[in-house]
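I opened this notebook to record what I looked up in the structure. The entries begin with charged pairs and then turn to the chain as a whole.

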Amino acid sequence: KNFTSQIMLKLNYFAPAVALTLSLASCGGGEAEKKEVAVVEETTGADASSDNDYVLPPPISIARVFQGAGLKYIAGRTNEATNVDKYSVKIDQLINLGVYSTDMAYCAINSKSQEARDYLAVIQKLGTKVGLESVFSNKELITKFDKGLEDPEALQDVIYEIQDKSDEYMENNDLKYLGAIQFSGAWIEGMYLAIDNTKQTES
């Protein structure tokens, strides 16, 4: 999945994804699920801090919304961890950092703890390549992740924390544009998994 082929392969899932997302918001999404979705807010007047302020939902939130709507884990649908070495261009690395983040979240919420750990290793590798090594080499977070492998809720909490640390680092270092590129990969992968899941369960 380089950037171009990945987009072309998955774009045909994207249009139905919009309808699916709207459907998920109206059914099966109680207060808990609604709180998972970070809403982009625009502020005006004296309270506006920046024209570029925005909040992107982390992959784990997207995955939990889909889970709350009844979507199940299907093996073999995520991007293989072994593909990581194929990404030598920075934009491919950023896109697939997002893709793998969604894949990790998808595995974590479905109690596939070892698969989630494998994706964390891949994310660490890509994170180092794109300049986020200080986030993904955080030994305390990695230790928490490993301790939470047998506890899906604890594991999800650690994934939230990793995302928070990543967002904070990019915010403090004027790298929010990297987060936007990463998020596009996470969003495309999330939509792909959701629509593919729907097609598989309806066939």
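**Entry 1. Asp146 and Arg117.** I looked up this pair and found a salt bridge between Asp146 and Arg117, with the closest N and O atoms 2.4 Å apart. I counted as a salt bridge a side-chain nitrogen of Lys or Arg within 4 Å of a carboxyl oxygen of Asp or Glu. Asp146 lies in helix H7 (residues 139–147) and Arg117 in helix H5, so the pair ties together parts 29 residues apart in sequence. Helices are DSSP runs of H or I of at least four residues, strands are runs of E of at least two, and both are numbered from the N terminus. Arg117 is buried at a relative accessible area of 19%, whereas Asp146, at 35%, counts as partly exposed. For these classes I took buried as under 20% relative accessible area, exposed as over 50% and partly exposed as in between, with a 1.4 Å probe and protein chains only.

**Entry 2. Basis of the values.** I note that this is a predicted model, in which local features need pLDDT of at least 70 and side-chain atom pairs count only at pLDDT 80 or more, while totals for chains, interfaces and linings use all residues. Residues are numbered from 1 along each chain as its sequence is written, and side-chain values use heavy atoms, with hydrogens and water left out.

**Entry 3. Other salt bridges.** By the rule above I counted five salt bridges. Asp196 pairs with Arg77, the closest N and O atoms being 2.7 Å apart. This pair links distant parts of the chain, with Asp196 in helix H9 (residues 176–202) and Arg77 in the loop between H3 and helix H4 (90–109), 119 residues apart. Asp196 is buried at 3% relative accessible area, and Arg77 is partly exposed at 25%. I also found Asp85 bridged to Lys125, with 2.6 Å between the closest N and O atoms. Here Asp85 sits in the loop between H3 and H4 and Lys125 in helix H5 (residues 113–129), 40 residues apart. Asp85 is exposed at 52%; Lys125 is partly exposed at 37%.

**Entry 4. Helix H3.** I found helix H3 (residues 59–68) mostly covered, with seven of its ten residues buried. Among them are Pro59, Ile60 and Phe66. Just after H3, Gly70 takes a positive phi of about 100°.

**Entry 5. The chain.** I recorded nine helices and zero strands. Of the 203 residues, 42% are buried. Among contacts (heavy atoms within 4.5 Å) between residues at least 6 apart in sequence, 75% join residues at least 24 apart.
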